[in-house]
Amino acid sequence: MCMHSPSAALRFSLYTNPTWIPTSYGWNNLSNMIYIDQPIGKGFPYGTDTVNSMEAAAPFVWTAFQVLFESQLFSKYASREFIFATESYGGHYGPSFVTYFDEQNALTASGEIDAVLAP
């Protein structure tokens, strides 16, 4: 089993402890990833806001990406392709989030809200 790791593959065996094996073929040589765990209150995310649906979670994820896109710290990544990928139950959350992003982009493009267009 291999897990995502910036510069090494995590090798896991049921009979041994996991070990890190350095590799020059790490995915970070060609790309970057950001992980967002949703919804608030499930798994690792915590907060005081109530998130009990995909529609309730979407504005929080959009806001997180707004911070990322507006930040000069991340401007060097602006020219890179943006892929919104999910796994597991994210197959339900992902389409809802992308729909919300598209709606916000339309409002931004029309001048109804002041935001950065999400890719």
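Colleague: How do you know how far the predictor trusts this model?

Modeller: This is a predicted model, and its mean pLDDT is 76, with 74% of the residues reaching 70 or more. The confidence is lowest in strand 1 (residues 8-13), at a mean of 45, and highest in helix 2, at 91. Over residues 1-14 pLDDT stays under 50, although the model has 33 contacts beyond four places in sequence for them.

Colleague: Which elements does the protein have, and in what order?

Modeller: There are 2 helices and 2 strands. Starting at the N terminus, they run β-β-α-α.

Colleague: Let's look at the rings. What makes the pair of Trp62 and Tyr100 edge-to-face?

Modeller: The structure holds 11 aromatic pairs, and the one you ask about has ring centres 6.2 Å apart and planes at 80°. Centres must lie within 6.5 Å for a pair, and planes over 60 degrees apart count as edge-to-face.

Colleague: Are Trp62 and Tyr100 buried or exposed?

Modeller: Buried means under 20% relative accessible area. Trp62 has 12%, so Trp62 counts as buried. Tyr100 has 19%, which is under 20%, so Tyr100 is buried too.

Colleague: What kind of pair do Phe65 and Phe82 make?

Modeller: Their ring centres are 5.3 Å apart and their planes are at 90°, so this pair is edge-to-face. Phe65 lies in helix 1 and Phe82 in the loop between helix 1 and helix 2, so parts 17 residues apart in sequence are tied together.

Colleague: How exposed is each of those two residues?

Modeller: Phe65 has a relative accessible area of 5%, so Phe65 is buried. Phe82 has 27%, which falls between 20% and 50%, so Phe82 is called partly exposed. Both residues belong to one aromatic cluster, formed by Phe65, Phe69, Phe82, Phe84, Tyr89, Tyr93, Phe97 and Phe101.

Colleague: How do you know that the span of helix 1 is close to what is expected?

Modeller: Helix 1 has 17 residues and reaches 24 Å from its first C-alpha to its last, and 24 Å is also the value expected at 1.5 Å a residue. Helix 2, with 20 residues, reaches 27 Å, close to the 28 Å expected. Helix 2 is followed by Gly111, whose phi is positive, near 85°.

Colleague: Which residues of helix 1 are buried, and what covers them?

Modeller: The buried ones are Ala57, Ala58, Val61, Trp62, Phe65, Gln66 and Leu68, and their cover includes helix 2. In turn, helix 1 is part of what covers the buried residues of helix 2, among them Gly90, Gly94, Gln104 and Thr108.

Colleague: Why is Thr108 called buried?

Modeller: Its relative accessible area is 13%, which is under 20%, so Thr108 is buried. Leaving out residues up to four places away in sequence, Thr108 touches Ile113, Ala115 and Leu117.

Colleague: What makes up the largest nonpolar core?

Modeller: This core has 13 residues, and those with the most contacts inside it are Ala57, Val61, Trp62, Phe65, Phe97, Tyr100 and Phe101. Helix 1 and helix 2 each supply at least two residues, with the largest share, 6 residues, coming from helix 1.

Colleague: How much of the whole protein is buried?

Modeller: Buried residues make up 25% of the 119 residues. The protein exposes about 9,100 Å², of which carbon and sulfur atoms supply 59%.

Technical notes
Residues are numbered from 1 along each chain as its sequence is written. This is a predicted model: local features need pLDDT of at least 70, side-chain atom pairs count only at pLDDT 80 or more; totals for chains, interfaces and linings use all residues. Side-chain values use heavy atoms; hydrogens and water are left out. Rings of Phe, Tyr and Trp (its six-membered ring) pair if their centres lie within 6.5 Å; planes under 30 degrees apart count as stacked, over 60 as edge-to-face and the rest as tilted. Buried means under 20% relative accessible area, exposed over 50%, partly exposed in between (1.4 Å probe, protein chains only). Helices (H or I, at least four residues) and strands (E, at least two) are DSSP runs, numbered from the N terminus. Contact means heavy atoms within 4.5 Å. The expected span of a helix is 1.5 Å times one less than its number of residues. A nonpolar core is a set of buried Ala, Val, Leu, Ile, Met, Phe, Trp, Tyr and Cys residues joined through side-chain atoms within 4.5 Å. Accessible areas come from the Shrake-Rupley method with a 1.4 Å probe; for residues, only the protein chains shown count as cover. pLDDT is the predictor's confidence in each residue, from 0 to 100.
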